[in-house]
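Here is a short tour for anyone meeting this structure for the first time. Have a look around, then read on.

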Amino acid sequence: PPQVSFTLELEFSCSVLLDHAEVMLQATSDSTEATPEDNVVKLSVPIRYEPDLFLSSNTNLHRYEVHPLRTFTRSSGPEFTTTVKVQNLGCYPIQNVTLHMALPALGHHQATILSVTHVLADNATCVLQPPSEGTRVVLVPPEDLLHADR
């Protein structure tokens, strides 16, 4: 029997959010059919909207001083501010966005390289948690500390 295949492309509105789309297809013919009831099909397809998230960050200090091995002092270095921004560039609203950041990094002999002094959150809830059991701590090998900016 002859077959016809086609593709439907649907465009959705940013102002009306649907959870599914329904399409009814009906084939008609000038011929006399014994079973015309099977010429209609109704399809229901779930709709999931793709988010368009943009993650950016900037810092007020772009050069860091790391002392050579065995000359590390316990005093804290200069404070720097890093701003992390999560933006939804799409027109569909999103919910329950979670961003995980792992700090601090540990250097030679478990020396703390970075530590959080305070958190300012705008339109977000931030929770500082110490590393739990089984959490993989990021260790920075001594040779990595010797790399210079190029």
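Let's start with N96, which counts as exposed because its relative accessibility is 76%. Keep in mind that this is a predicted model. N96 is found in the loop between β4 and α1, and although N96 is not a glycine, its phi is positive, at about 55°.

N123 lies in the loop between β4 and α1. Its phi is positive too, about 60°, and N123 isn't a glycine. With a relative accessible area of 80%, N123 is exposed.

Here are those two residues side by side:

| Residue | Phi | Relative accessible area |
|---|---|---|
| N96 | about 55° | 76% |
| N123 | about 60° | 80% |

The loop between β4 and α1 (142-145) also holds I94. I94 has a relative accessibility of 31%, so it counts as partly exposed. I94 is one of the residues in a nonpolar patch on the surface, along with L53, L55, V84, V86, V97, L99 and M101. Put together, these residues have about 670 Å² of accessible area. Which strands each supply at least two residues of the patch? They are β3 (53-59) and β4 (82-88).

Now for some charge. How many salt bridges does a search of the whole structure find? The count is 1. In that salt bridge, the side chains of K42 and E22 meet, at 3.7 Å from N to O. K42 sits in strand β2 and E22 in strand β1, so the pair ties together parts that are 20 residues apart in sequence. As a general point, side chains of opposite charge can pair when their charged atoms come close. K42 itself counts as exposed, because its relative accessibility is 61%.

N39 has its place in the loop between β1 (20-26) and β2 (40-46). Is N39 buried or exposed? N39 counts as buried, because its relative accessibility is 17% and the cut-off for buried is under 20%. What does N39 touch, leaving aside residues up to four places away in sequence? The list is L25, Q26, A27 and E33. With E33 there is also a polar contact: the side chains of N39 and E33 are joined at 2.7 Å.

Methods. Residues are numbered from 1 along each chain as its sequence is written. This is a predicted model: local features need pLDDT of at least 70, side-chain atom pairs count only at pLDDT 80 or more; totals for chains, interfaces and linings use all residues. Side-chain values use heavy atoms; hydrogens and water are left out. Patches are made of residues with over 30% relative accessible area and no salt bridge: like charges are joined within 9 Å, nonpolar side chains (Val, Leu, Ile, Met, Phe, Trp, Tyr) within 5 Å. Accessible areas come from the Shrake-Rupley method with a 1.4 Å probe; for residues, only the protein chains shown count as cover. A salt bridge is a side-chain nitrogen of Lys or Arg within 4 Å of a carboxyl oxygen of Asp or Glu. Helices (H or I, at least four residues) and strands (E, at least two) are DSSP runs, numbered from the N terminus. Buried means under 20% relative accessible area, exposed over 50%, partly exposed in between (1.4 Å probe, protein chains only). A polar contact is a pair of N or O atoms within 3.5 Å; within protein, one must be able to donate a hydrogen and the other to accept it, and residues adjacent in sequence count only if both atoms are side-chain atoms. Contact means heavy atoms within 4.5 Å.
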